[in-house]
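Here are a few exercises to work through with the model open beside you. Try each one before you read its solution.

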Amino acid sequence: MIQEIIAYKNIIDNIESLIDKSPFKKSYIIEQVGIPSPTFYRKLKTQTFSADEMLSIAKILSPEENFRLELKEEIEQGKRDLENGDFITHEEMLAELRSKKLI
């Protein structure tokens, strides 16, 4: 646990540099995170982003990693659904689509 906290602290300490080196403009990050601009710059200067705000920023700065994590979670959810019998067959899906006139 200590190692994770140290790694998190290092990220917070270097967040401005990470943002500056990213291909994204700060205005885009501010818009996506949903923090008012003055608040964003204050938190950037004082390094006081909440964990949720840091996660939102990290998802923007590392979209490929975020995609992989989301994909892994969706695969795991699919496995759990399959184990729990929470699925429909291909034929049932086709019938549902036909009833909605989507195919």
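A nonpolar core here is a set of buried Ala, Val, Leu, Ile, Met, Phe, Trp, Tyr and Cys residues joined through side-chain atoms within 4.5 Å, where buried means under 20% relative accessible area, exposed over 50% and partly exposed in between (1.4 Å probe, protein chains only). The model is predicted, so local features need pLDDT of at least 70 and side-chain atom pairs pLDDT 80 or more, while totals for chains, interfaces and linings use all residues. Residues are numbered from 1 along each chain as its sequence is written, and side-chain values use heavy atoms, leaving out hydrogens and water.

**Exercise 1. Find the residues that touch the most other members of the largest nonpolar core.**

Step 1: The core has 14 residues, and the ones to pick are Ile15, Ile19, Ile29, Phe40, Phe49 and Ile57.
Step 2: Two or more residues each come from α2 (15-21), α3 (26-33), α4 (37-46) and α5 (51-61). The largest share, four residues, is α5's.
Step 3: Zoom in on Ile15. Skipping residues up to four places away in sequence, Ile15 touches Leu44, Phe49, Met54, Ile57 and Leu61 (contact means heavy atoms within 4.5 Å).

**Exercise 2. Work out which residues Glu16, Asp20 and Lys26 pair with in their network of salt bridges.**

Step 1: Set the rule: a side-chain nitrogen of Lys or Arg within 4 Å of a carboxyl oxygen of Asp or Glu. That gives seven salt bridges.
Step 2: Glu16 meets Lys26 at 3.8 Å, N to O. Glu16 sits in helix α2 and Lys26 in helix α3, so this pair ties together parts 10 residues apart in sequence.
Step 3: Asp20 meets Lys26 too, at 3.3 Å, N to O.
Step 4: Check the cover on Glu16: with a relative accessible area of 37%, Glu16 is partly exposed.

**Exercise 3. Describe helix α6 (residues 63-83) and what lies just after it.**

Step 1: α6 has 21 residues and spans 30 Å from first C-alpha to last, close to the 30 Å expected at 1.5 Å a residue (1.5 Å times one less than the number of residues).
Step 2: Look for a salt bridge: Glu73 and Arg80 form one, with their closest N and O atoms 2.9 Å apart. Glu73 is partly exposed at 43% relative accessible area, and Arg80 is partly exposed at 34%.
Step 3: Phe67 is found in α6 and is exposed, at 52%.
Step 4: Just after α6, Gly85 has a positive phi of about 75 degrees.
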